[in-house]
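Work through the following exercises with the sequence and the model in view, and compare each of your steps with the solution below it.

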Amino acid sequence: MASYEGILNWTHCQSPRSNHNAPTRPELDVVTLRWDGEQVARRDMGTGETWTLDVARPLPGPATVEVVVRPNVDGSVEDVTGTVVLSEDLVGTGFPATDFHVAAFDEAGAQYELTYRVRTVPGPVDAPPPVA
C-alpha cells in the first residue's frame, strides 16, 4: 500500500489584514498555519512577502490546513483566512505543473496564497533473494 506525504511549500501575502494607518509601523499580520488544528508554522508577514515553508508530514488520511491571520496589533483577533484539505487525490504526475497546487484566499481584509503538494512516499524495497 502506498504512503503519502503532504508538503506546505510557501505562502505569499498579497495584502495583509492589518490596517492601523500608523506611518511609523509597518502593516504586518501574524500568520499561523495549522495542520489538523496543530500549529506548524508562525511568523509576521507584510505586503509582497513570500515565506518558504517546506513543512512536510505523513498523510495517513485527509488533513486540513488552515491559514490563520491576525493584525500584528495588541488585542487583535485571529481569523481563518483559508482552508485546504490535503489528500492522496492531489498526488501529481512528477511535473511541477501538476504537483503544486495554489489556493488563493481573500477573506477578512487579507489576501494570501498557499502553495502545497502531496506526493507518494516510496516504501521499503525488498532485498533480492540470495543467490544459491
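**Exercise 1.** Determine how many helices and strands the protein chain has, and in which order the elements run.

*Solution.* The protein chain has 1 helix and 8 strands, where helices (H or I, at least four residues) and strands (E, at least two) are DSSP runs numbered from the N terminus. Read from the N terminus on, the elements follow the order β-β-β-β-β-β-α-β-β. This is a predicted model, in which local features need pLDDT of at least 70 and side-chain atom pairs count only at pLDDT 80 or more, while totals for chains, interfaces and linings use all residues. Residues are numbered from 1 along each chain as its sequence is written, and side-chain values use heavy atoms, with hydrogens and water left out.

**Exercise 2.** Find the order of the 4 strands in the open sheet, and name its edge strands.

*Solution.* The order is β4-β1-β8-β7, with antiparallel pairing; two strands pair if DSSP finds at least two bridges between them. The edge strands, each of which pairs on one side only, are β4 (50-58) and β7 (101-107). Between β7 and β8 (residues 110-121), the antiparallel pairing extends over 7 bridges.

**Exercise 3.** Describe the surroundings of Tyr-112, a residue of strand β8.

*Solution.* Begin with the bridge partner of Tyr-112, which is Phe-105. Next, Tyr-112 counts as buried because its relative accessible area is 0%, and buried means under 20% relative accessible area with a 1.4 Å probe, protein chains only. Finally, the C-alpha atoms of Tyr-112 and Glu-49 are separated by 9.9 Å, although these residues lie 63 residues apart along the chain.

Technical notes
Buried means under 20% relative accessible area, exposed over 50%, partly exposed in between (1.4 Å probe, protein chains only).
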